[in-house]
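Open the model in your viewer and keep the sequence beside it. The tour below goes from one selection to the next.

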Amino acid sequence: SGGLISTTQFNFQEKFWGYRYISKSFQDKYKFGNSADLGLSASYKFADWISVDAIIVNGEGYKKIQINDGLNYGLGVTLTPTKGFHVRLYGGVNQSGVEDKANAVNMAVFAGFKNDNFTIGAEYNHMLNASYTDDNDLFGYSAFASVKVAKFADVYARFDDLYSKNNWNIAADEQAAIVGAQFKLGKYVKLAPNFRMSIPKADGAKNEYSAYVNCYF
């Protein structure tokens, strides 16, 4: 693939989660990378149980032009040891392109199982030198599940946990949960009421509770 393309950093996890119109996947939500960028990617399936992909993009996302000289390189491996069960490993380096700035490094591991009746998945993510700042590391995990309860309905739940090295990002570090249902009102129409909770890690910050209705058409 070439041009303005979907990046491979968290595309697999996002499709596995399956509810992007309700909430972005962990890495997209917390800005570990960009969902699309300008560049090239290639993938090769060696066997039914293993495929490998590589990507080179400008590293500044689809909303910005190429400002600095650095590029974003990524390599991923997807394993399918048995039907429905998938393991994904990814590593990438986003060059700062600036002499006094550190390169950002992303590492991720994901495992999930999916069949016609339910989906379950979990991922762990580690970002070194966030915002190209040395020692500004971010960590976090996300776990989710969904169950088909009727031909036209399913329920889902997800829990995220974001934290930073030495609490440098304490103002944004949080735990977050979402639970809800999705109703298919037609071939192209979905309705998804859901409840959300955010638990900030900063001292004195209050928990936030909210209710949403997301629509897809």
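What follows is a list of stops, each with something to select and a note on what is there.

This is a predicted model, in which local features need pLDDT of at least 70, side-chain atom pairs count only at pLDDT 80 or more, and totals for chains, interfaces and linings use all residues. Residues are numbered from 1 along each chain as its sequence is written, and side-chain values use heavy atoms, with hydrogens and water left out.

**Stop 1: Asn-125**

Select Asn-125, which is part of strand 7 (residues 118–128). Helices (H or I, at least four residues) and strands (E, at least two) are DSSP runs, numbered from the N terminus. Is Asn-125 buried or exposed? Its relative accessible area is 0%, so Asn-125 is buried. The cut-offs are under 20% relative accessible area for buried, over 50% for exposed and in between for partly exposed, with a 1.4 Å probe and protein chains only.

Leaving aside neighbours within four places in sequence, the residues in contact (heavy atoms within 4.5 Å) with Asn-125 include Phe-26, Phe-32, Met-107 and Leu-138.

**Stop 2: Phe-26 and Phe-32**

Keep Phe-26 and Phe-32 on screen; both are buried. The whole structure has 15 aromatic pairs. In the pair of Phe-26 and Phe-32, the ring centres are 5.6 Å apart and the planes are at 65°, so the pair is edge-to-face. Rings of Phe, Tyr and Trp (its six-membered ring) pair if their centres lie within 6.5 Å; planes under 30 degrees apart count as stacked, over 60 as edge-to-face and the rest as tilted.

Next, select Phe-12, Phe-16, Trp-17, Tyr-19, Phe-110, Phe-144 and Tyr-156, which ring pairs link into a cluster.

**Stop 3: the second largest cavity**

On a 1 Å grid over the protein atoms alone, a cavity is a set of points where a 1.4 Å probe fits but cannot get out, and lining residues have an atom within 4 Å of a point. The volume of the second largest cavity is about 30 Å³.

**Stop 4: the loop between strand 7 and strand 8**

Select Asn-129, in the loop between strand 7 and strand 8. Asn-129 has a positive phi of about 60° although it is not a glycine, and at 12% relative accessibility it counts as buried. Asp-135 is found in the loop between strand 7 and strand 8. Asp-135 is not a glycine either, yet has a positive phi of about 75°. With a relative accessible area of 37%, Asp-135 is partly exposed.

**Stop 5: Gly-84**

Finish at Gly-84, in the loop between strand 4 (72–82) and strand 5 (85–94). Gly-84 has a relative accessible area of 13% and is buried. Beyond its neighbours within four places in sequence, Gly-84 is in contact with Gly-112, Phe-113 and Lys-114.

Definitions and conventions:
1 Å grid on protein atoms, 1.4 Å probe; cavity = no way out; pocket = protein on both sides within 12 Å on 5 of 7 lines; lining within 4 Å. Points joined across faces, edges and corners; volume = space filled by probe spheres on them.
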